[in-house]
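Hi,

Here's the structure I promised to send over.

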Amino acid sequence: MAEQPRIVERGEQPYVALKGKVAMDGIGEFASRTREVFGWLAARNVEPVGEVFFKYDVVDMENGLVMEIGVPVEERRTGEQEIVGGVLPAGRYASVTHFGHPDGLLEVTRDLLAWADEQGLEWDADGNNWGCRLEVYKSDPIDTPDMNKWETELLFRLRS
């Protein structure tokens, strides 16, 4: 179940993330590495200032995804090895919130892409390369272990 899409304005946001190339069927396994991001932050006494997100840099169904598992932080950081620091860009984003199991995100994503097409909106993307395409996990798995009760916001940046 998802709400109606809308356009939101967002400021820039520094973040730290684990970056990797992932096959479509390997997203769950990659997601299980979220603790590595928190371990890296904890070792440096850096507090996250927002929810965990997946950032899809390259979406190529045949050759795999380049994605990041990140968390917002107060100020920009430099990572090391697979941990990267970056800034989510400011701008206009198409947003929709999904209530339910993450398995439903494929359909919600398809609906959001179709909605934007109907609205004549243009993505901040060049082919399979996205400027900023996010899944923000609003539910903490510790507080809400039932994935069917999760809240996930999709935020896809629009071309300015």
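First off, buried residues account for 45% of the 160 residues in the chain. Keep in mind while you read that this is a predicted model, so every value below is computed from that prediction.

On overall size, a compact globule of 160 residues would have a radius of gyration near 15 Å, and the chain agrees because its own value is 15 Å. If you want a box around it, the C-alpha atoms fill roughly 45 × 35 × 30 Å along the principal axes.

As for the fold, you'll find three helices and ten strands in the chain. Reading from the N terminus, the order is β-β-α-α-β-β-β-β-α-β-β-β-β.

The chain exposes about 8,800 Å², and 46% of that comes from carbon and sulfur atoms. One spot to look at is a nonpolar surface patch of about 310 Å², made by Met24, Met61 and Leu106.

Where does Met61 lie? You'll find Met61 in the loop between β3 (53-60) and β4 (64-72). And is Met61 buried or exposed? Its relative accessible area is 53%, and the cut-off for exposed is over 50%, so Met61 counts as exposed.

That's what I have for now.

Cheers

How values were computed
Residues numbered from 1 in each chain as written. Predicted model: local features only at pLDDT ≥ 70, side-chain atom pairs only at ≥ 80, totals over all residues. Heavy atoms only, no water. Patch = residues over 30% accessible without salt bridge, like charges linked within 9 Å, V, L, I, M, F, W, Y side chains within 5 Å. Areas by Shrake-Rupley, 256 points an atom, 1.4 Å probe, with all protein chains shown as cover. Salt bridge = Lys/Arg side-chain N within 4 Å of Asp/Glu carboxyl O. Helix = DSSP H or I, 4+ residues; strand = E, 2+ residues; numbered from the N terminus. Buried < 20%, exposed > 50% of the residue type's maximum accessible area, 1.4 Å probe, protein only. Rg over C-alpha atoms; globule rule 2.2 N^0.38 Å.
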